[in-house]
Amino acid sequence: MQYRPLGKTGLQVSALAMGCMRLPQHDPELAAQVVDAAIAAGVNYFETTRGYINGRCQHLTAPGLKGRSRGLIVSGKTGVGEDTTADNYFAEIELQLEILGVDYLEFYQVGWFGWDRVPMLTKKGGALEALDKARSQGLIGHIGFTGHDSPENFTKVIETGIFESMTIPYSMLNRAYAPTIARAGELGVGVVAMCPVAGGMLASPSPQLQALIPGGAHTTAAAALQFVLANHAVSCACSGMNTLEMLAENVATVNAFAGASADDHARMDGILDEFRTLGARFCTACGYCMTCQHGVDIPGNFGLYNNARVYGLAGWAKGQYAGMATEKRADACTQCGECEPKCPNTLPIRAQLEAVARELGGG
Ligand code: SF4
Ligand code: SF4
């Protein structure tokens, strides 16, 4: 297993981290095996939260940890709101320790965080006092945050100096936080990249995306993980894994990755930029053509089509198209033409919907 510095914490984190929110809800024995096998494979970061998996996430994680929080980077997570106090936040930290069956969490994440929540965290008698108290009592080691605020706002958050890591989405298909990740690298803030396979979208085969990786990747999921790790400011790729096979595949992918130079990464970014530009020449999802009185989801269909044409994710797009409500699908278009004058990109919507129906629906 490859290890990387987790910001300025002095910790070395495994390049592959486990997001425990995908552990199998109805198979606790398998969940314990997956966590145990991950530790055996060298994975040392486990992200947990009390609410995930219908409140089962930490219960499912605990047996695999077997109380082994020392030497591992196990994180808990709680959000902050207007009514959060130091007392109720501290009680939540204690509760998560208890459920996980450990006496220490290396990281505690302020979840669902954003710039507008900084005052709620830092107010007198607020959650930051609870985190400081937990740290001084040796219950937690470090403080991080996770969330989905804008890249600009997250850059402001890391510049407050409160946090030692951030957990944000980053993948081949979502590079919006790349500037924030670069700033984190400058500041020495650890970066845990979540959703590296774009919510499973990159589990579908795409020869174009596999070819991006130096030397080529053997699967698109492998390309997805390796792309994230090619960014030198990323500390680890956090993947939700629920089977031993998925774990073994991801461990093998990370172990096989020889790394990429800064030039390699810039080249990959450049090609992905070209893909995105190509996608924008088709439908930009502005929505001006909606609503179609016959119920066709015009931007939804074109979004699938773009991912098939631009990123080569045809298998994924066909699966999504098959799962759409029939009235929303391209083949429900009556060719009335009412939408076309509304499109600022002057797209031939009717002809393109026919192409979607043909290529994704086989119609
Ligand atoms: S042409 Fe098709 S998509 Fe456009 S408004 Fe008519 S039925 Fe809807
Ligand atoms: S108006 Fe044109 S670009 Fe905008 S969503 Fe509709 S088809 Fe796409």
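1. Both F113 and F145 are buried, that is, under 20% relative accessible area, with exposed meaning over 50% and partly exposed in between, for a 1.4 Å probe and protein chains only. The model is predicted, so local features need pLDDT of at least 70 and side-chain atom pairs pLDDT 80 or more, while totals for chains, interfaces and linings use all residues. Side-chain values use heavy atoms without hydrogens or water, residues are numbered from 1 along each chain as its sequence is written, and chains are lettered from A and ligands numbered from 1 in the order in which they are written.

2. The structure contains nine aromatic pairs; rings of Phe, Tyr and Trp (its six-membered ring) pair if their centres lie within 6.5 Å, with planes under 30 degrees apart counted as stacked, over 60 as edge-to-face and the rest as tilted. Y89 and Y108 form an edge-to-face pair, with 6.1 Å centre to centre and 70° between the planes. This pair links distant parts of the chain, 19 residues apart: Y89 belongs to helix α4 (residues 86-100) and Y108 to strand β6 (residues 105-111). Helices (H or I, at least four residues) and strands (E, at least two) are DSSP runs numbered from the N terminus. Y89 is buried at a relative accessible area of 1%, and Y108 is buried at 0%.

3. F113 and F145 form a tilted aromatic pair, with 6.0 Å centre to centre and 55° between the planes. F113 lies in the loop between β6 and α5, F145 in strand β7 (residues 140-146), and the two are 32 residues apart. One aromatic cluster comprises F113, F145, F154, F163 and Y177.

4. The charged end of K77 sits over the ring of W112, 4.7 Å from its centre. K133 lies over the face of F90, at 4.1 Å from the ring centre.

5. Ligand 2 is surrounded by 15 residues, the closest being C283, C286, G287, C289 and C343; a residue is near a molecule if one of its heavy atoms lies within 4 Å of it. The shell divides into 12 nonpolar, three polar and no charged residues, where Ala, Val, Leu, Ile, Met, Phe, Trp, Tyr, Cys and Pro count as nonpolar, Asp, Glu, Lys and Arg as charged, and the others, Gly among them, as polar. Helix α13 (residues 298-311) gives the most to this shell, with three residues.

6. The residues around ligand 1 include C292, H294, C333, C336, C339 and R350. By class, the shell around ligand 1 has six nonpolar, four polar and one charged residues.

How values were computed:
Lys NZ or Arg CZ within 6 Å of the ring centre and 35° of its normal.
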